[in-house]
Amino acid sequence: MKNDPEKKRNKVIMMTYLYTARARFDKNHTDDFSWSGYIQWSRLEQLTELVSLDTGLNEVLVEPDRDSDEDRKEIVLESCYETGLFRTQEYVLRKKNGPEKFSLLAVVIEPESDCALIHLENYEFLGYELLDQYYDTSALTNCGGFDETFLPGDLNEFGLIDHYEKAYAIRENLLKNNPGEDHADTIVIAIWRHRSIGW
């Protein structure tokens, strides 16, 4: 049956959840790149905080020991690129360094169903990211905009896309409208943030 809830529930359980710790980027940001300057450049006036997987805007705070067999088992690679994602929450928390306040994120790469309907204990679903194939740059929030495909108002207060179908439609049209542009060839990634750790 097409809408069998048991089948849908089993599909959700089979999703692979990965984890990362990322630096916060909001009005309290004090480094070289100011929050106000970023808002003016990006035109994302609705942001209350940027929660992305862009390594330039939300730095990875996990530093694995690449000479350790145990650590190498936790690092998630994609076509020889380190993704900045790791296999377990426990590892991320053990290896996390940097500021006391941070975002502990759970993610699913290329989800096959609407993640807004999935309840992860102690996590809140924030939306969908479109990250380039190098797992480095967000097409949504660090490319200066692709106005022919989406507008600043299409993103939520975290700089993410709220709806599953819309994320995949934007991904498809982004590449179609910008052939040959590396940052327009993207991966859809669902993002949840822990409700208490890192606050």
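Which residues does L44 touch, not counting residues up to four places away in sequence? The first legend gives the reply.

The structure is a predicted model, in which local features need pLDDT of at least 70, side-chain atom pairs count only at pLDDT 80 or more, and totals for chains, interfaces and linings use all residues. Residues are numbered from 1 along each chain as its sequence is written, and side-chain values use heavy atoms, with hydrogens and water left out.

View A. Residue L44 is found in the loop between α2 (35-42) and α3 (69-74); helices (H or I, at least four residues) and strands (E, at least two) are DSSP runs, numbered from the N terminus. L44 counts as buried because its relative accessibility is 2%. Buried means under 20% relative accessible area, exposed over 50%, and partly exposed in between (1.4 Å probe, protein chains only). Not counting residues up to four places away in sequence, L44 touches Y38, I39, T141, P152 and L155, where contact means heavy atoms within 4.5 Å. L44 and A139 are 95 residues apart along the chain, and 13 Å separates their C-alpha atoms.

**View B. The largest cavity.** A cavity is a set of points, on a 1 Å grid over the protein atoms alone, where a 1.4 Å probe fits but cannot get out; a pocket is an open set with protein on both sides within 12 Å along at least five of seven lines; lining residues have an atom within 4 Å of a point. A search of the whole structure finds one cavity of 30 Å³ or more. The largest cavity holds about 80 Å³ of space; grid points are joined across faces, edges and corners, and a volume is the space filled by probe spheres set on the points. Of the 14 residues lining this cavity, S42, L44, L140, G144 and G145 lie nearest its centre.

**View C. The largest pocket.** The volume of the largest pocket is about 400 Å³. Its lining consists of 16 residues, of which A23, R24, F25, H29 and D31 lie nearest the centre.

View D. Helix α5 (residues 164-177) has 14 residues. Buried in α5 are Y164, A167, Y168, I170, R171 and L174. These residues lie on the same side of α5 because they cover an arc of only 160° around the axis, the arc being that of the directions from the helix axis to the C-beta atoms. E165 and K176, on the other side of α5, are exposed. The buried residues of α5 pack against β5 (123-132) and β6 (186-194).

Methods:
The expected span of a helix is 1.5 Å times one less than its number of residues.
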